[in-house]
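Dear colleague,

Please find below the structure I promised to hand over. My notes on what was found in it follow directly after.

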Amino acid sequence: MYKNIIFDFYGTLVKIKGNEQDELIWNKLSLYMAYQGAKYDAVDLKESYNKNIEKYRVRYSSADYPEVDITDVFYKMYSDKGVKAKSKLLKQTALVFRALT
């Protein structure tokens, strides 16, 4: 008999740590997003990311295990630059971000 456990990767049973402080990450991600039409410099990109992450954390802070869907954050960041990002682009951006961190 098998016992199954269902969990997510963002802070419940598995902690994923990324190095989001490295300037190289923001430089590379800003290049990627500029190629998609959202022009940020590295400093503005990091500030926008941190502002939006915090906004979503506050929104879900009443949950036992608040979790931010990173694609929501990138959707807002693309929208702020006038880019109508579709699901595929949001997922790709999240993958690039996680690969960099």
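**A pair within helix 3**

Lys76 and Asp80 both belong to helix 3, which spans residues 70-80, and they sit 4 residues apart, or about one turn of the helix. Please bear in mind that this is a predicted model.

The two side chains are joined by a salt bridge, in which the closest N and O atoms are 2.5 Å apart.

How accessible are the two partners? Lys76 has a relative accessible area of 27% and is therefore partly exposed. Asp80, with a relative accessible area of 39%, is likewise partly exposed.

**The chain as a whole**

As regards secondary structure, the chain has 4 helices and 0 strands. Read from the N terminus, the order of the elements is α-α-α-α.

The chain comprises 101 residues, of which 30% are buried. Its exposed surface comes to about 7,500 Å², and carbon and sulfur atoms supply 54% of that area.

Which share of the contacts with a separation of 6 or more comes from residues 24 or more positions apart? Such residues account for 54% of those contacts in the chain.

With kind regards

Notes. Residues numbered from 1 in each chain as written. Predicted model: local features only at pLDDT ≥ 70, side-chain atom pairs only at ≥ 80, totals over all residues. Heavy atoms only, no water. Salt bridge = Lys/Arg side-chain N within 4 Å of Asp/Glu carboxyl O. Helix = DSSP H or I, 4+ residues; strand = E, 2+ residues; numbered from the N terminus. Buried < 20%, exposed > 50% of the residue type's maximum accessible area, 1.4 Å probe, protein only. Contact = heavy atoms within 4.5 Å. Areas by Shrake-Rupley, 256 points an atom, 1.4 Å probe, with all protein chains shown as cover.
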